[in-house]
Amino acid sequence: IQLQKALNNHRVVYIDNRYILSNSITIRNRGELRGLKNAALQAASTRKGLLNTRGVYILLEGKKRVSISGIRFMPAANMYNMASYGSTVILLSNSSHCTIDRNQFDFAFSYSKGMNAVWVTTNSNRNIISNNFVKTLGITYCENGSSFNVVEGNKLINSSFNALGGIGNGDKPCRSNKVLNNYVENAGRMGIEDIQNTSGTLIKGNVISGTGKIPNLGRGLGMGISAVAKNTTVEKNKVWDAKSYYIEVRGNSNIKVLDNEIYDKGTERGIYINFVVPSSSALADQGTIIRQTKIEGCLKAIETLGDGVKQIVDIDKNLIVNPVAQGINIDLRGLIRSSITIRGNRIVFYHKTNANRQGIVTYTTVKSGHQEYSCVIDGNFISYKPAAKGGSGYDIAMIIQTDHTVVSNNTIDGYPGGLNQGIASNGSTTPRIPF
């Protein structure tokens with residue numbers, strides 16, 4: 001009560017002690033809550049209102065230019081499971097130009113039982129969430145039309161579900177949010193998930209080390225980065241130890257994947273271009289670009305998959321190192337009028353294989369003569385180092401199973417003694433392929 005009175009009566013409030021909250025507090029427009037040494041807010045064992053139902057310590061509803069910094073947030077001793085939708089320590093709704101900076105969210109929830117540190121919802125725009133230390137919680141940077149928010153420089157450890165998320169779940173899109181230079185370690189579900197009606201999100205410079213740590217998490221739910229909205233740029237991120245796909249993007253939604261680094265131990269897919277998720281009709285002819293990304297040690301480095309929709313993909317100038325099964329796999333299952341360009345990539349094998357291994361593969365279930373594809377495989381370099389020889393498996397540099405595919409200016413550098421197979425083309429099913 002005393003703290004709320006101070007926040008009501010003063011624009012800037014400094015605290016240097018621990019305060020026990022039994023109900024949510026709020027801060028007036030242009031108000032500042034600043035923590036000095038030993039400043040902390042802790043939930044009481046007996047709680048009321050939103051603090052009880054959703055874990056909301058601070059409610060910013062309809063606020064402008066509020067600043068919160070230097071506060072250590074601590075749980076009540078009896079807060080064991082806060083995993084309901086929208087549960088969060090700080091809630092921003094219809095608020096703008098607020099800053100949440102250099103706070104410590106010191107929680108210890110088990111995987112799948114925690115909540116968010118900050119939740120931004122309902123037309124909350126141009127807020128900044130930066131330089132916070134977040135333990136076992138996540139950050140939802142946009143929901144329901146919230147736009148132009150920046151999440152930068154935060155460190156998130158053992159997030160109970162997603163570490164960082166944008167949810168476009170309203171009719172009004174969430175536009176042009178930025179997720180920059182955050183560090184994520186051992187997220188319960190995904191490192192970053194940007195989904196539904198969001199547009200123009202920039203995901204850049206983040207480091208993600210470990211995802212999918214919830215026990216018995218389902219297949220495909222532990223991705224490093226899932227960008228299945230539209231007009232998204234995924235750039236200069238580093239991802240390793242993901243349980244599922246390292247980077248997933250939605251096809252034909254004007255998404256760019258540029259200059260990232262991916263490191264795996266041979267079990268997961270690097271970049272998965274998902275044409276199973278329908279694209280926006282307005283963006284049906286806007287392709288996906290995968291460019292200048294290093295992918296090392298993945299089961300399949302780059303893969304497309306979909307059925308019944310057009311695929312437009314440019315895969316350019318990537319470095320793929322030691323893929324276990326396939327370097328680039330284009331799966332045109334049942335698709336028509338697709339356009340695929342694979343140009344200037346380097347695929348390097350340093351180790352021998354005891355299974356079947358391919359550099360570049362195009363595949364379709366559509367009968368020859370009924371395909372309407374444009375596939376260009378040009379200027380790629382596939383190299384097998386001396387240690388790649390001698391396995392019990394079978395190496396094929398390229399398998400082409402699509403009509404009208406142009407294979408030109410590629411270099412295949414086999415290991416001494418000859419590669420098992422250079423380019424495999426079954427003329428009975430893939431006619432009219434120029435080499």
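The largest nonpolar core of this protein holds 93 residues, and Leu-41, Tyr-57, Ile-58 and Phe-73 are those that touch the most other members. A nonpolar core is a set of buried Ala, Val, Leu, Ile, Met, Phe, Trp, Tyr and Cys residues joined through side-chain atoms within 4.5 Å. Buried here means under 20% relative accessible area, exposed means over 50%, and partly exposed lies in between (1.4 Å probe, protein chains only). In soluble globular proteins, nonpolar side chains tend to be buried together.

This is a predicted model, in which local features need pLDDT of at least 70 and side-chain atom pairs count only at pLDDT 80 or more, while totals for chains, interfaces and linings use all residues. Residues are numbered from 1 along each chain as its sequence is written, and side-chain values use heavy atoms, with hydrogens and water left out.

**Overall form**

The protein has two helices and 45 strands; helices (H or I, at least four residues) and strands (E, at least two) are DSSP runs, numbered from the N terminus. Its C-alpha atoms fill a box of roughly 80 × 45 × 30 Å, taken along the principal axes. Of the 435 residues, 55% are buried. Contact means heavy atoms within 4.5 Å. Among contacts between residues at least 6 apart in sequence, 73% join residues at least 24 apart.

**Individual residues**

Leu-41, a member of the largest core, touches residues including Leu-3, Tyr-19, Tyr-57, Ile-58 and Phe-73, not counting residues up to four places away in sequence.

Ser-69 belongs to strand β6 (residues 67–69). This residue counts as buried because its relative accessibility is 12%. Its side chain makes a polar contact of 3.2 Å with that of Arg-34. A polar contact is a pair of N or O atoms within 3.5 Å; within protein, one must be able to donate a hydrogen and the other to accept it, and residues adjacent in sequence count only if both atoms are side-chain atoms.

Asp-241 lies in the loop between β26 (238–240) and β27 (247–250). With 36% relative accessibility, Asp-241 counts as partly exposed. Leaving out residues up to four places away in sequence, Asp-241 touches Asn-186, Gly-210, Thr-211, Lys-213, Tyr-246 and Tyr-263.

**Pockets**

On a 1 Å grid over the protein atoms alone, a pocket is an open set of points where a 1.4 Å probe fits, with protein on both sides within 12 Å along at least five of seven lines; lining residues have an atom within 4 Å of a point. Grid points are joined across faces, edges and corners, and a volume is the space filled by probe spheres set on the points.

| Pocket | Volume | Element giving the most to the lining |
|---|---|---|
| Largest pocket | about 360 Å³ | β17, four residues |
| Second largest pocket | about 190 Å³ | β2, three residues |

Of the 23 residues that line the largest pocket, the closest to its centre are Asn-116, Trp-119, Thr-140, Phe-161 and Asn-162. The lining of the largest pocket divides into eleven nonpolar, ten polar and two charged residues. In this classification Ala, Val, Leu, Ile, Met, Phe, Trp, Tyr, Cys and Pro count as nonpolar, Asp, Glu, Lys and Arg as charged, and the others, Gly among them, as polar.

The second largest pocket is lined by residues including Ile-1, Leu-3, Tyr-19 and Leu-21. Its lining has six nonpolar, four polar and no charged residues.
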